[in-house]
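This report describes one protein chain, starting from a single residue and moving out to the fold. The sequence and model come first.

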Amino acid sequence: MIRTDIVLENFIPADVSPERPLVIAGPCSAESEEQMITTARQLSAMGIKIFRAGIWKPRTRPNSFEGHGSAALAWMKKVKQETGMYTSTEVANVKHVYEALKAGIDIIWIGARTTTNPFAVQEIADSLRGMDIPVMVKNPVSPDLELWMGAIERLYQSGIKKIAAVHRGFSSYEKSKYRNDPHWQIPIELKRRIPGLVMITDPSHICGNRTFLYEVAQQAMDLNFEGLIIETHPDPDHALSDAAQQITPVQLQELIGHIVIRAAEVRNGELRTLDEMRAEIDNIDETILRCLHKRMQISEQIGHYKKQNNIAVFQHSRWDKLLRERLETAGRLGLTPLFVEEIFKLIHEESVNRQAAIMTRQEQPH
């Protein structure tokens, strides 16, 4: 359902170029004053207007570098004074909010772990009531659109009108070249549900390494997203956190320089791009293939059970019942019966072939 009642104000500061991509950059963690100032100077010289750095770093396990905490806020102040850049950092609780606001942080964001917890989000939203500060909301760790949307709604109900969503990918047990699966259809659906919502993709956390940063950044722009947040460090290989996914300011400039910004198509008042729709289809197709893979695995398990219990591979009554039920469902969904019947005939044929192969397979002697 589209939330036409959510009317957002412009998230992007007035003196920042509205042209895509909006770029937010800076180190994963605030490690030292020198590191912060060095990075900020280089980014500012490139024209980057918004600086990011983790002050409080929630790590998965203890004994990892968890940031310098409130002490690093003074370094953020110096970045702002020397470069004029806007500063942004993550807040995970009410204490963080108060300290960030007191230090003059311009933009705050809610991290993936916090978005997962509605209690924590509500406390942060309550602490921001009456404040006029832009807030970015990262997607939850799990691929849960409702949790992501719920966090945005809680902030909006507390009076926050300058909101952006940060797409940083989702945890998955499936093997992938990415640290976090993009699941592009989820941010696409969020933008559809909340018209006017600024969507910023975080290639650093999606990729987990710098190899695929350009690929993900370009895809975000092809989907007509507004911006990118990319972790940038003067010496990435020696960073105290997430070293593999950070790049130097020079590398960032090269990446941005190669991004192609494509024109959007306007149809019936809704802004969508051809690449956006194709990406949605690509993700649905991938889901279909994964489901087919899982179905065949289960079919093979059934084949082994049938062999052990001397049961025939094919039962006519079961196949008739299955096909009839699938066609009834297809009708309710408005799908062409012949189309669905042909698909399930092929699926059933493949399942039968796999089970028949198991039946005829000779067991290896021990």
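## Residues with positive phi

N224 is buried, at a relative accessible area of 10% (buried means under 20% relative accessible area, exposed over 50%, partly exposed in between, with a 1.4 Å probe and protein chains only). The model is a predicted one, in which local features need pLDDT of at least 70 and side-chain atom pairs count only at pLDDT 80 or more, while totals for chains, interfaces and linings use all residues. Residues are numbered from 1 along each chain as its sequence is written, and side-chain values use heavy atoms, with hydrogens and water left out.

N224 sits in the loop between α9 (213-222) and β8 (227-231); helices (H or I, at least four residues) and strands (E, at least two) are DSSP runs, numbered from the N terminus. Its phi is positive, about 70°, although N224 is not a glycine. D242 also has a positive phi, about 50°, without being a glycine. D242 belongs to the loop between β8 and α10 (249-258) and counts as buried at 17% relative accessibility.

## A cis peptide bond

The bond from R20 to P21 is cis, with omega near -5°. P21 is in the segment before β1. Most residues other than glycine have a negative phi, and most peptide bonds are trans.

## Barrel and helices

The chain has 13 helices and ten strands. Eight strands form a closed barrel in the order β1-β2-β3-β4-β5-β6-β7-β8, with parallel pairing (two strands pair if DSSP finds at least two bridges between them). From one strand to the next the twist averages 30°; axes are lines fitted to C-alpha atoms, for helices over the stretch in contact, and angles run from 0 to 180 degrees between N-to-C directions.

Strands β3 (residues 86-91) and β4 (residues 107-110) run parallel and are joined by four bridges. T89 stands opposite I108 in β4. Helix α1 (residues 33-46) packs on the sheet, touching β1 (22-26) and β2 (50-52), and its direction makes about 150° with that of β2. Helix α2 (residues 73-83) packs on the sheet against β2 and β3, at about 160° to the direction of β3.

## S88 in strand β3

S88 lies in β3 and counts as buried, at 0% relative accessibility. Leaving aside neighbours within four places in sequence, S88 is in contact with I24, I50, F51, R52, A53, M76, I105, I107 and W109, where contact means heavy atoms within 4.5 Å.

## The whole chain

Of the 366 residues, 45% count as buried. The C-alpha trace spans about 80 × 60 × 40 Å along its principal axes.
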